[in-house]
Amino acid sequence: MGKYYYPQGGLPPQTHLTTERAIVTEAYTVIPKGVMTDIVTSTLPGFSNTRSWILARPISGFATTFSQLIVEIGPGGGAPKAEFEPGVEGVVFVTTGKVNLTLDGELHQLEEGGYAYLAAGATWGLENVSDDIVSFQWIRKAYERLEGYEAKSFVTSDAEVEPTAMPDTDGAWKTTRFTDSSDLAHDMQVNIVTFQPGGVIPFPETHVMEHGLYVLEGKAMYLLNNDWVEVEAGDFMWLRAFCPQACYAGGPGQFRYLLYKDMNRQIRLT
């Protein structure tokens with residue numbers, strides 16, 4: 001296992017206890033890493049030698065703004081065209097392996113920690129030319145256009161972006177922001193949040209943004225609505241708007257997660 005967790009698949013033995021940590025409520029869902037076995041995968045249109053674990057999709061009365069997938073591409077696999085909906089933007093974050101990204105005719109190689117923002121209407125595809133699997137997170141959202149603004153595609157990586165310490169935390173809580181949070185061209189952010197051991201969110205955040213949180217490293221106690229839930233690398237948390245949330249990082253290493261949130265748009269009432 002490298003720096004970031006990715007699922008291995010497989011299937012538990014018949015002796016395995018059926019008790020697990022999966023939770024589904026009206027306010028939040030937790031999908032623990034042990035759930036991501038071979039029998040809950042899905043193939044994807046246009047892809048070859050590829051399987052996916054679909055973690056989130058719009059559900060009426062719950063979270064409605066995004067979908068999130070773990071995608072695994074085997075050697076020689078991929079898709080010359082990955083996104084078929086022209087109004088959908090995306091973020092790809094590589095958790096292991098290498099993949100060639102062709103974006104509007106330009107070739108990029110994404111490695112572990114590689115990050116690509118793929119604007120709505122961009123033409124892009126992926127190809128695994130290595131001898132190993134590549135695994136990545138793929139967040140998709142219907143882009144909400146705003147007159148005078150247009151989000152542009154870009155490629156970067158976790159290593160290239162300096163994280164920003166949250167005020168008055170002495171660096172115990174940092175956020176790696178791949179886009180400027182005040183840039184109205186972007187109607188979502190997909191960031192990496194990092195806590196040092198003992199770092200906390202010291203109040204129950206309660207806000208309009210929906211969240212998808214995929215734990216990349218470490219473990220923590222996470223407050224979800226009224227429940228304290230222990231989570232670890234490979235777990236996925238899915239929060240509807242206004243679900244209270246806080247956390248304590250459990251150590252001994254860093255606690256890091258990939259965070260989706262919708263933002264920067266007025267609420268539509270008609």
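Guide: In this predicted model, strand β6 (residues 99-103) and strand β7 (residues 106-110) pair in the antiparallel sense, and five bridges join them. One of these contacts can be named: Asn100 has Gln109 of β7 as its bridge partner. The two strands form a hairpin with two residues between them, and Asp104 in this hairpin takes a positive phi near 50 degrees. For comparison, most residues other than glycine have a negative phi.

Strand β6 also pairs with strand β9 (residues 124-127), again in the antiparallel sense, over four bridges. Here Leu101 has Leu126 of β9 as its bridge partner. How enclosed is strand β6 by the rest of the structure? Four of its five residues are buried, so β6 is largely enclosed.

The whole structure holds 15 aromatic pairs. Among them is the pair of Trp124 and Trp138, which is edge-to-face, with 5.4 Å from centre to centre and 80 degrees between the planes. Trp124 belongs to β9 and Trp138 to strand β10 (residues 134-142), so this pair ties together parts that lie 14 residues apart in sequence. Trp124 counts as buried because its relative accessibility is 4%, and Trp138 counts as buried at 3%.

A further pair is made by Phe195 and Tyr257; their ring centres are 6.4 Å apart and their planes stand at 35 degrees, so the pair is tilted. It links distant parts of the chain, since Phe195 is in strand β14 (residues 188-195) and Tyr257 is in strand β21, 62 residues apart. Both Phe195 and Tyr257 are buried. These two residues also belong to a cluster linked by ring pairs, together with Trp173, Tyr222 and Phe255.

The loop between β20 (245-249) and β21 contains Pro252. The peptide bond from Gly251 to Pro252 is cis, with omega near 0 degrees. In general, most peptide bonds are trans.

In the segment after β21 one finds Asn264, which has a positive phi of about 65 degrees although it is not a glycine. Asn264 is partly exposed, with a relative accessible area of 23%. Ile267 lies in the segment after β21 as well, and it counts as exposed because its relative accessibility is 51%. Ile267 forms a nonpolar surface patch with Val208, Phe242 and Leu269, and together they have about 450 Å² of accessible area.

Another positive phi, of about 55 degrees, belongs to Asp170, which is not a glycine. Asp170 is in the loop between β12 (164-165) and β13 (173-176), and it counts as exposed with 81% relative accessibility.

The cysteines remain to be considered. A disulfide is a covalent bond between the sulfur atoms of two cysteines. How many disulfides are counted here? The count is zero. The sulfur of Cys243 has its closest cysteine sulfur in Cys247, 13 Å away, which is too far for a bond. Cys243 is buried, with a relative accessible area of 2%, and Cys247 counts as buried at 0% relative accessibility.

Methods. Residues are numbered from 1 along each chain as its sequence is written. This is a predicted model: local features need pLDDT of at least 70, side-chain atom pairs count only at pLDDT 80 or more; totals for chains, interfaces and linings use all residues. Side-chain values use heavy atoms; hydrogens and water are left out. Patches are made of residues with over 30% relative accessible area and no salt bridge: like charges are joined within 9 Å, nonpolar side chains (Val, Leu, Ile, Met, Phe, Trp, Tyr) within 5 Å. Accessible areas come from the Shrake-Rupley method with a 1.4 Å probe; for residues, only the protein chains shown count as cover. A salt bridge is a side-chain nitrogen of Lys or Arg within 4 Å of a carboxyl oxygen of Asp or Glu. Buried means under 20% relative accessible area, exposed over 50%, partly exposed in between (1.4 Å probe, protein chains only). Two strands pair if DSSP finds at least two bridges between them. A disulfide is a pair of cysteine sulfur atoms within 2.5 Å. Rings of Phe, Tyr and Trp (its six-membered ring) pair if their centres lie within 6.5 Å; planes under 30 degrees apart count as stacked, over 60 as edge-to-face and the rest as tilted.
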